Structures are given as C-alpha cells and as structure tokens.
Amino acid sequence: MYHTLRFLGFLFTLILQCNADPGSSCSKTSSVLDFESEIEMFQHQLRGVIKVLDDCSFRVSEFDMLPGSDVHWWGAAGPHFANLTTGFVISDDKLNKTYKNESFVVRLKSNLTWDQIGVLAVWDIPTASDFGHVLLGDPRNGSGNISLSPDLAPSPAMEPNSSAVRNRAGGVPTMFGNCKVLSPNYRVRWTLSADEDSIDIGLEAATGTMNYMAFGWADPKSSHSPMLGADVAVTGFTEDGMPFSDDYYISKYSECMISKNGLVQGVCPDTMYEGSDPDGLVNNTRLVYGHRKDGVSFVRYQRPLKSIDKKYDWPVNQTGNMTVIWALGLIRPPDALRPYYLPQNHGGPMLVTYGHLVLNVSEHVNDCLGPLDAEDKEDQDFIIADASVPLVVVSGPAMHYPNPPNPSKVLYINKKEAPFLRVERGVPVKFSVQAGHDVALYITSDPLGGNATLRNVSETIYAGGASAQGVLASPMELVWAPDRNTPDQVYYQSLYTQKMGWKIQVVDGGLSDMYNNSVVLDDQQVTLFWTLSEDSISIAARGEKKSGYLAIGFGSEMVNTYAYVGWIDEDIGRVNTYWIDGKDASSVHPTNETLSHVRCKSENGMITFEFTRPLKPHCSRAERWECNNIVDPTTPLKVVWAMGAGWSGDHLNERNMHSATSSRSVRVLLMRGSAEAEQDLRPVLAVHGFMMFLAWGILLPGGILAARYLKHVKGDGWFQIHVYLQYSGLAIVLLGFLFAVAELRGLYFSSLHVKFGITAIFLACVQPVNASLRPKRSANGEVVSPKRLAWEYLHVIVGRSAIILGIAALISGMKHLGDRYGGENVEGLNWALIFWFLLGALMVLYLEYRERKREKDRNSERSSWVLGNMEEDDSTDLLGTSNTEKESHSSEILEVQLQPLSK
C-alpha cells in the first residue's frame, strides 16, 4: 500500500511538472513582456496569436498553417528583405506539419533574449520563405496599415472593431472572432461591432481566380426560395489581381439583364437598380482587404447592421436568428454595356457551390478546423513556352511576388511579374534577356538563385550565367533545351540577386520530342524511343494497350535475353532488370545493372518507362550476367517485348508470365534511327558480301598468284593476267563498298569490319598509283637501282598487306552478319569461307613448291642468285600497260625476283 501511494504521488508530481508553465523559471524583465499580437499572414494560410510570457518563452494560440519544407521560428532585426534573409533560428521547435487551430508554448534558445529579436517570423529555410511574422513592440504591428502589403485593396486603413482585437497590438485583417464552414472549400468569418453598428465579414474559398464568392441575408419575410429578394455581397478579384466587393440584390434566378424598356432583373448590383450612387449610400459594402494566397481567395469587407437603403438592403438582427445564403461560381468581367462584375450561375450541387443556413452573428462560432488546402496552390501568372516565340525577360518593381520576402526589383517575363513558367522536354526555349547589365539570367536547381556557391550551397546550372545579360537596345539571346534528364522543377533567377525569379515546371512534351529516334516494335503494340550519347544510351518504351507491366528484352526471343520490366507498385513506378535463360519463373534472374534517370508511369492503363544506361557495363564480363550486356551502336540491337497482368519485384511466379508478346524480334539500327524485322539476309548486303568475296577471295589473290607463279610462261601473259585481275577486283571492291554504304545509309568506323575493309580498300587503291610511279628499270646486266629496289619491296608489301586485310574484312564481315541475322543464317557461309581459304592455302603451298623446284633446276649451274635484272624487258612491270619494247627471248630470259642469296 505504501509503495502504491508513493507511486501515485510521484505520478501526480510528474503531471504537475509537465503542465507547469515552461517559462516559470525565466525572469520577467523584458520590455515586451505580455506583448500580444496576431500574426500577419504571407503564405501557407498562416493564422495565429502570440503572447510573450517571459524572457525566454511565448505562447501561440489559434495557430493554423499548411506544412512547408523545413519551417522554424525565426528572428530578425527588421521586416525588410535584407533583415529577414540574414535572420536566425530562435527555437529548437520545428513546424513541419499542418496545424489546425492549435495552442502551445515555444521556448527561445538558451543564448537568445527578446532584445535581439525585432521581428518574430515563421520561416521556411530551404526556400527563404516568410509564412508570417509579428513586429515585436510595435503598437500597430505593421499590419493595421494596409498600404504596407502589396496584396491589400486600395482602401483606408482597417480599424480594429472587436474587443479581442482592441486588446492586441494590431488588427490583422485575416483574423476574426468567428468562423463558419459553408462547404468543404468555402468559409465565412466575421467580427461583430454592435456599438459601431457594423459587422466585418471575411469570405474565404479554395477556388479559381476568376470565381466569385457571395454571401448575404435572405428576405426575412420569405418562407421559401431564400435566394429571391436576398441582399448579398459579391466579392472576387479583377484581371489585375485586385480585390473587389459590391452590394447586390437578387430579383430573379438569372444573370443580370436589362430589358428594352430599361427594367433590371437578375443578380445585379444595387447601383444598377438605382441607376447611380453618388453618395455611396446604395452600395453599402466597404472593401477592407483582399488577397490570393496558396490558391485560396480571401476578401474582407464591412457593412452596417442597419442600412439607409431600405429597398435593396436588409437590416442585420445582431441578436436573432436570420437566414443567410451563399454561393460560388464564375464571374463575367465588365464590358462596354455592363461595367460590373456579374455572377454567372453557380452551376454546382447544393451545399457545395451554393446553400443557405440560419445564423446568429452574436453567438460565438468556430468550426473551422485548420487552414483551407487548395489542390492548385500556384496563383502566379502562367506562361507556356513556345519554341517559335521568345520569352522577353526584363526587370521591374515587385508588386505581387509569390515568395516573400523579396527584393524591390524582380524579373518580368512577357510583361508578367515572376510568372510560373512551363516548358517541355526536348523543346528549345528562347529567352531575350533585356533586364539590364546588373541582372544575369540563369536556370538553376536552387530556389533562391543569386549564385548559391556564395552561400556554400551546391546547385546545378542548366543554362545561362554571367554572360546572359542585356538591355532593350542590345538584348542577349539565351537558348535552353531541357532534356529528359532535367528535373521536373527548376528555377529562373538572377545570378547576382536572390529571389528575383520563380519556378519553371518541366513536363514531358511527348516522347518524340524528348528522344532523337523512335521505332514501332513487332505487332505495333510497343514503341521504342532512344537517344545515343558518347558512352550511354537513354531508352523509353511505351505500351500501346493496357497492361499490368511492360517488358522489353535485348535478344532474338525472351529466352537468353536481358530484360527491362516496368510496372506500377502501389502508385509508385518501378523499373527492374533481369537475365532470362528459360521459360519459367525460376529462369528470370534479377540483375544489378547501372540505370539512371529511371521513370515509370501508367496513363489510362498503358505503361511507359524510361531509363539511361551505359553502353558498356562498368564491370568484367566474368563477374555477373549483366556485365555481358553490351550495346554496340554500330550493330543492330535485337529487341522483343512482352506484357502481362502484373509483376512483382520480390517473388516471381507463373502469374508474372506474359499474356502477350512479340512474335519475332526487331533489329533496331541505333545510329541510323530505324528498325527492321527479323528476316533472312537482305539482298543488297548479300550482293555486297558476294562481290567482296569475288574480289578478295578470287580476283585479287589470283592476280598476285599470276605475278608470282606464271612468269615461266613465255611472253607477257602473266603480266596481262595480273593487270586484268587486279583492276577487275578493285572495281568490284569499290562497287561493293558503295552498295553497302547506300544500303546502311552511312559509314560508321567504329565497327572492326569497317576498319579492316576501309584499310584494305585504301591499300588496294594505292597500288595503281604506286605502279604508275615505278622507277625505270636498269639496263641489262646493270645493278638494280636503290629506287627500283625500294619500289619493288613497297609494291609487294602493300599488295600482300591489302590481301591479308581484305581476308580479315571478309571474316569480320561474316561475324557482323552473324550478329545481325543470327548465327544459324550464316553458319553455312562461314564453313564455306573456311574451306575456300584452306583450299587456297594448299594451292599456294603446292605452287610455291613447284616454283622453288623450277628455280632450283634452272639455277643449278649458278653458285648464287642476286637481286637483279640481266636480260629482262619491261614486261616485268607488274602493273604497267605501256610496253613499247617486246623482245622475244626464250630460255635466256631472267626474271626479277626478290630472293635471298643462296648459300
């Protein structure tokens, strides 16, 4: 029992400590002690009241706020841009959530006092955004005078008119004593000032910029149709963003119309019924304040409880129940015939866009739990970039900058202040920079700009810089082409000053704009897009019918294929890589390929995924499966596809198998930007191969064999055979080369086959030139000149090198065909080629044996051989055709031979 009582006592003490005023241990000597003020709203629907409790804490009540990125309580010396941006965090408490009419106590950091803080703000550090602030010690808090805010209406200063406001340092126009929810996106706030015969009303709605907000009192005498005869205020914003509030009377369920006899009917301003209102007695609604923030319209106006206009206004019973009506809808701007903003039919369901209820304005009501959260929070002017129209960039005064605080001068694009810019990937954007030499435009990942490196913050610059500056007389043209790797949101800013620009939304402008090439795969169910770079390739695949997943594979069929699978998993797009070596689920092996810029989405059930991968994996082929997945741009890439109902990244089973697949692979010519279906050898390439075999495998080797082994034949027949075969072979080589270039629409030197072939063709073309420059032969019996000797060596070496490279080109060409058309299509040709060259090698060995024997027999009486020409005529020229002398020597003719001296 004793231990139980002791535990209860400890628990009671702990509860008292938890509920004790956290500032009870602080002194109370500050000059701002008991200072209480409403927080002025700038962003994120911030509302609240603060009260200084002591030297180290303050209380926050009625606190509303939409979440930010990294939000803190912030202190600064003053409310100006330079002061706020150089401020400091004053509390360890963070504000990274949505607050809904909450109250709590905040403690200052231990090293701070109130004397160091002139402005108490709610601050988002990454975006340098002021959500709202209070001027400490200011008797009006800087908020009562509406001329201080660019969003305020051009009307006199608002005077506080409630007891709650009078006891505070200043009356903030967004704060009221009461709040009533009319619909999920529409609220009415009010503060009653009975002693001043007035009521302040605030209408607040998450609605469009060109929509009206209406609220008013129904005819007390009407028992049905509360809209007819109602006295309402219609509020909204002009095209220039200025708020308005006018007094209307509903005489008919229609838009305001004037008949031919001058009768006014519909939802019309009171002044239209009366014809004029020089003294302002008919339109008794006085605009106090208005703003558009975070996609929410807010207008505050004031009206008397008892109006002088008895015909179109109803008195407000401050203590009784009265029926009020409300509506939301589109508004028609003024024109030459009707210079008023006229509401159109609300056009929506009851209790969503219109309704009525019984309200007693003297009763305290507050059922507005938390801030309004609009789906579309972007209120800035909107510009869609067009590739054919330049965006004119100038600088001008800040009037409605979307992210306060801001400098006095900001960027204007096409005469719009800091607009929200939308660009498309793959579509170039042209800026005409005329903002002055002190404003250098650049596109950056940093939301503040002003050269982030000076703040020790990293940033990525996508375009522009110090040189992107100009004036009207000499504008500077900046062209920026966002690509598929550009983030979804970047910023246009000045390089020299922070927060002069605003956001750029980067959207997919169509895969055809984002990628350089595209082809439709087999069966026209999948479209493949790609862009080649120096060492990587960006690929996108789009399914043309609904499916649970989409897969593409690099190979002739799904077996033995490197596959890429895209699917949606709990609203998140995923792309995985696999090696498939069989037809069941156990044969699908996940791999760890290096993919970047991965995206996957589903539109109307059709999957699209994208990724970038290196052409050659950064690993050894022996390490993992994916290390062999090399993409050679010069070789056609075989691609297949498959679709199915669902995919799983963890445990694959038979249900993951495809329900639709390509019937055959498609060869994608990456560098050419086209594709061809899997088929037999193409005729033109077959002719190319045959012509090259005829030249390098028969004619050119035959010409060399004639020059080497037929010189014992009488006359110059060997020479004629040599010349005819060489020229014929060279002509066929050139024709075959032109056929291949024309069929492939280009010449790509990265292929080993092309390198061998081009080198062999070059050496073959050198031979006729070489032959035409041969030195004159020596006279009979004379020693061969050094020039002639060098020429003979060069002629022989170049000719035989050309043959060797030509044969290498034939072999690599067969391998190239095997990669393109599959080994089964060229396997027979490979064996035939091997047999032919083996036969040729045996023939050369036999002829060389015969030639050696013949030389031995012919020179049996000589002790040695020298390199020379004793009684040879000019017919020994290998390629010459102009033989002026023809001597008919028989057995005494000695031939030119390059032979070593015999022993």
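Ser536 stands opposite Pro614 in strand E43, where strands (E, at least two residues) and helices (H or I, at least four residues) are DSSP runs numbered from the N terminus. Strand E37 (residues 536-543) and strand E43 (residues 606-614) pair in the antiparallel sense over seven bridges; two strands count as paired if DSSP finds at least two bridges between them. This is a predicted model, in which local features need pLDDT of at least 70 and side-chain atom pairs count only at pLDDT 80 or more, while totals for chains, interfaces and linings use all residues. Residues are numbered from 1 along each chain as its sequence is written, and side-chain values use heavy atoms, with hydrogens and water left out.

The E37-E43 pair belongs to an open sheet of five strands in the order E35-E36-E37-E43-E42, with antiparallel pairing. Strand E35 (517-520) and strand E42 (596-603) stand at the edges with a single partner strand each, so one side of each has no neighbour in the sheet. Neighbouring strands here are turned by 15° against each other on average, direction ignored (axes are lines fitted to C-alpha atoms, for helices over the stretch in contact, and angles run from 0 to 180 degrees between N-to-C directions).

Most residues other than glycine have a negative phi, and most peptide bonds are trans. Asp34, in the loop between helix H1 (2-19) and strand E1 (36-38), has a positive phi of about 65° although it is not a glycine. Asn451 also has a positive phi of about 65° without being a glycine, and lies in the loop between strand E30 (441-444) and strand E31 (461-464). The peptide bond from Pro404 to Pro405 is cis, with omega near 0°; Pro405 lies in the loop between strand E25 (391-397) and strand E26 (409-413).
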